[in-house]
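Hi everyone, thanks for making the time this morning. Let me put the structure up on the screen, and then I'll walk you through it.

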Amino acid sequence: MSKEIIQFDQAMFESKLDAMVREKVERIVNAMPDASGERDRQRLEIRAFRLMVADRWVGIS
């Protein structure tokens with residue numbers, strides 16, 4: 001066991017903690033899917049579905 005004592009001053013502790021939190025938040029945000037891209041994809045799917053239904057409806061009459 002090491003007998004070395006590590007001392008942290010408040011500024012050093014806060015800067016280390018800030019860096020750890022910042023890195024964690026960046027990882028979480030970067031892992032999230034792009035919300036605007038997801039909305040665009042959903043809109044395209046809805047539009048395609050509506051066109052498909054409209055084509056079938058016109059074909060019936």
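Let's start with Met32, which counts as exposed because its relative accessibility is 51%. On that scale, buried means under 20% relative accessible area, exposed means over 50%, and partly exposed lies in between, with a 1.4 Å probe and protein chains only. Before going further, a word on the source: this is a predicted model, where local features need pLDDT of at least 70, side-chain atom pairs count only at pLDDT 80 or more, and totals for chains, interfaces and linings use all residues. Residues are numbered from 1 along each chain as its sequence is written, and side-chain values use heavy atoms, with hydrogens and water left out.

So where does Met32 sit? You'll find Met32 in the loop between helix H1 (10-31) and helix H2 (35-60). The chain's secondary structure amounts to 2 helices and 0 strands; these are DSSP runs numbered from the N terminus, helices being H or I with at least four residues and strands E with at least two.

Met32 also belongs to a nonpolar surface patch, together with Phe13, Leu17, Val21, Val25, Ile28 and Val29. Together they have about 630 Å² of accessible area. Patch members need over 30% relative accessible area and no salt bridge; like charges are joined within 9 Å, and nonpolar side chains (Val, Leu, Ile, Met, Phe, Trp, Tyr) within 5 Å. Areas are from the Shrake-Rupley method with a 1.4 Å probe, and for residues only the protein chains shown count as cover.

For the chain, accessible surface comes to about 6,400 Å², with 61% belonging to carbon and sulfur atoms. And what share of the 61 residues is buried? The answer is 0%.

Now for the charged side chains. How many salt bridges does a search of the whole structure find? It finds 2, a salt bridge being a side-chain nitrogen of Lys or Arg within 4 Å of a carboxyl oxygen of Asp or Glu.

One of them joins Asp40 and Arg43, at 3.8 Å from N to O. These residues are about one helical turn apart, because they lie 3 residues from each other in helix H2. Asp40 is partly exposed at 41%, and Arg43 is partly exposed at 49%.

Another pairs Glu45 with Arg41, with the closest N and O atoms 2.3 Å apart. Glu45 and Arg41 are 4 residues apart in helix H2, so about one helical turn separates them. Glu45 is partly exposed at 44%, and Arg41 at 37% is partly exposed too.
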